[in-house]
Amino acid sequence: IRGLYEAYDRGGQSVVLCDAEGNLTEGPGFNIFAVNKGELYTPARGALEGITRQTMLDLAQELDLSVHQVQFKQDFLQQADEIFLTSTAGGVMPVTKLDHEVV
C-alpha cells in the first residue's frame, strides 16, 4: 500500500511493484504486459497468476504471437511500444502514460 500512496504523491494513478532485484512484478490487483516489436512480455515471477492473465497468454499463443515470460525492469517498459494491464474486474486496460510520459 505504501507504494500506491507514493505514486499518488507523485501524481500517479497506480503503481507497479518490484521484487528485491528491481524487477517489475505486478500492481495492486493487476498484471502488467508490454509489447515490443510485435512480441508480448510479462513478468515470469512475482505476478498474480490469475485467470485473466492466463487467458491473455492463451489468446496470444492462439494468435501465434511470441510470448516471453521474463524478468524486466522499468527501463524496458519505457521502451515498449504498448503497455497494458489485466485484472479480473477490469479485463484488459491500456496504459496511456508511464511516469507522466505518453506511451
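## Asn31 in strand β1

Asn31 lies in strand β1, which spans residues 31-36; strands (E, at least two residues) and helices (H or I, at least four) are DSSP runs numbered from the N terminus. The model is predicted: local features need pLDDT of at least 70, side-chain atom pairs count only at pLDDT 80 or more, and totals for chains, interfaces and linings use all residues. Residues are numbered from 1 along each chain as its sequence is written, and side-chain values use heavy atoms, with hydrogens and water left out.

Asn31 is buried, with a relative accessible area of 4% (buried is under 20%, exposed over 50%, partly exposed in between; 1.4 Å probe, protein chains only). The Asn31 side chain reaches the backbone oxygen of Leu48 at 2.9 Å. Residues up to four places away in sequence aside, Asn31 touches Ala47, Leu48, Arg53, Phe84, Leu85 and Thr86, where contact means heavy atoms within 4.5 Å.

## Nonpolar cores

The largest nonpolar core has 13 residues, and Ala34, Phe72, Leu77 and Ile83 have the most contacts inside it. Strand β1, helix α3 and strand β4 each supply at least two residues of this core. A second, separate core of 7 residues includes Phe33, Val35, Leu40 and Ala60. Such a core is a set of buried Ala, Val, Leu, Ile, Met, Phe, Trp, Tyr and Cys residues joined through side-chain atoms within 4.5 Å.

## Leu65 in a loop

Leu65 is placed in the loop between α2 (51-62) and β3 (67-69). Leu65 is partly exposed, with a relative accessible area of 39%. Neighbours within four places in sequence aside, Leu65 is in contact with Gly38 and Ala60. Leu65 and Leu40 are 25 residues apart in sequence and 7.0 Å apart in space, C-alpha to C-alpha.

## The largest pocket

The largest pocket has a volume of about 870 Å³. On a 1 Å grid over the protein atoms alone, a pocket is an open set of points with protein on both sides within 12 Å along at least five of seven lines, and lining residues have an atom within 4 Å of a point. The volume is the space filled by probe spheres set on the points.

The lining has 28 residues, of which Ser14, Val15, Lys97, Leu98 and Asp99 lie nearest the pocket centre. Helix α1 gives the most to this lining, with 3 residues.

Methods: On a 1 Å grid over the protein atoms alone, a cavity is a set of points where a 1.4 Å probe fits but cannot get out, and a pocket is an open set with protein on both sides within 12 Å along at least five of seven lines; lining residues have an atom within 4 Å of a point. A polar contact is a pair of N or O atoms within 3.5 Å; within protein, one must be able to donate a hydrogen and the other to accept it, and residues adjacent in sequence count only if both atoms are side-chain atoms.
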